[in-house]
Amino acid sequence: MTHTVFIIDDHKIVRDGLKAILLGYPEYELVGEAASAEEAKQKIQNLKPDIVFVDLRLPDANGALLIQELIRLKPQSKFMLLTAEPNALDLQRAQQAGASGFLGKDINSDEYTRAMAAVIAGKKYISQSFSHLLVEDAHDISVRELEVLQLLADGLPYKQIADKLSISPRTVETHKNNLLKKLDVGTPIELVKKALKTGLIKG
């Protein structure tokens, strides 16, 4: 049985690399590719890909949020997030949206094919190099808490964080206090340092 594949990545070298891998496996067939979110949405409408690779950093969209949008259009497709710079917030957003695979761009062809076989079989596949960012018990930190954490790291005051996330400053403080407990630190500065060190957020 042949499984169809669609690739969304703005780097031609990445698309060409994936296409070269697929050529060695007749059970997979490339049915389309796109270099941006808009191009992908136009091209994928009339296709029924079994697997869709989505780059996290696209010129016109965040790949995790694009998966959330595309999965409504193609609920039968399996979506696999590609990234060279993983962070917990984007990965958990993609997981929450329904992504089945989370792959680093530095993996070899064997891992790509293992990942495709896993998601086709209804399993999830996570590259080992950043699996710690997606485990269910990763400090039990929610997507909203990660959003607050990232904005704290960016140096925004509570009021600006509240406005940006459409919540109250009191709710921001509640999230901060919960994060202090979950990461077992005493101050916001220690909180940000630990989050950066463990890769929960990006600097």
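Which residue in strand 6 does Ile 51 stand opposite? In this predicted model, the residue opposite Ile 51 is Lys 78 of strand 6. The two strands concerned, strand 3 and strand 6 (residues 78-83), pair in the parallel sense, and five bridges connect them. Strand 3 also pairs with strand 1 (residues 3-8), again in the parallel sense, over four bridges. Within that pairing, Phe 6 has Val 52 of strand 3 as its bridge partner.

Strand 3 covers residues 51-55, and five of its five residues are buried, so the strand is largely enclosed by the rest of the structure. Burial here refers to a relative accessible area under 20%. Both faces of the strand are covered. One side carries Ile 51, Phe 53 and Asp 55, while Val 52 and Val 54 lie on the other, and all of these residues are buried.

The largest pocket holds about 170 Å³ of space. Its lining draws two or more residues from each of helix 4 (88-97), helix 6 (143-153) and helix 7 (158-165). The lining residues are Asn 87, Leu 89, Asp 90, Arg 93, Glu 147, Gln 150, Leu 151, Asp 154, Lys 164, Leu 165 and Lys 202. Sorted by class, the lining of this pocket comprises six charged, three nonpolar and two polar residues.

Terms used. Residues numbered from 1 in each chain as written. Predicted model: local features only at pLDDT ≥ 70, side-chain atom pairs only at ≥ 80, totals over all residues. Heavy atoms only, no water. 1 Å grid on protein atoms, 1.4 Å probe; cavity = no way out; pocket = protein on both sides within 12 Å on 5 of 7 lines; lining within 4 Å. Points joined across faces, edges and corners; volume = space filled by probe spheres on them. Nonpolar A, V, L, I, M, F, W, Y, C, P; charged D, E, K, R; others polar. Buried < 20%, exposed > 50% of the residue type's maximum accessible area, 1.4 Å probe, protein only. Pairing = 2+ DSSP bridges.
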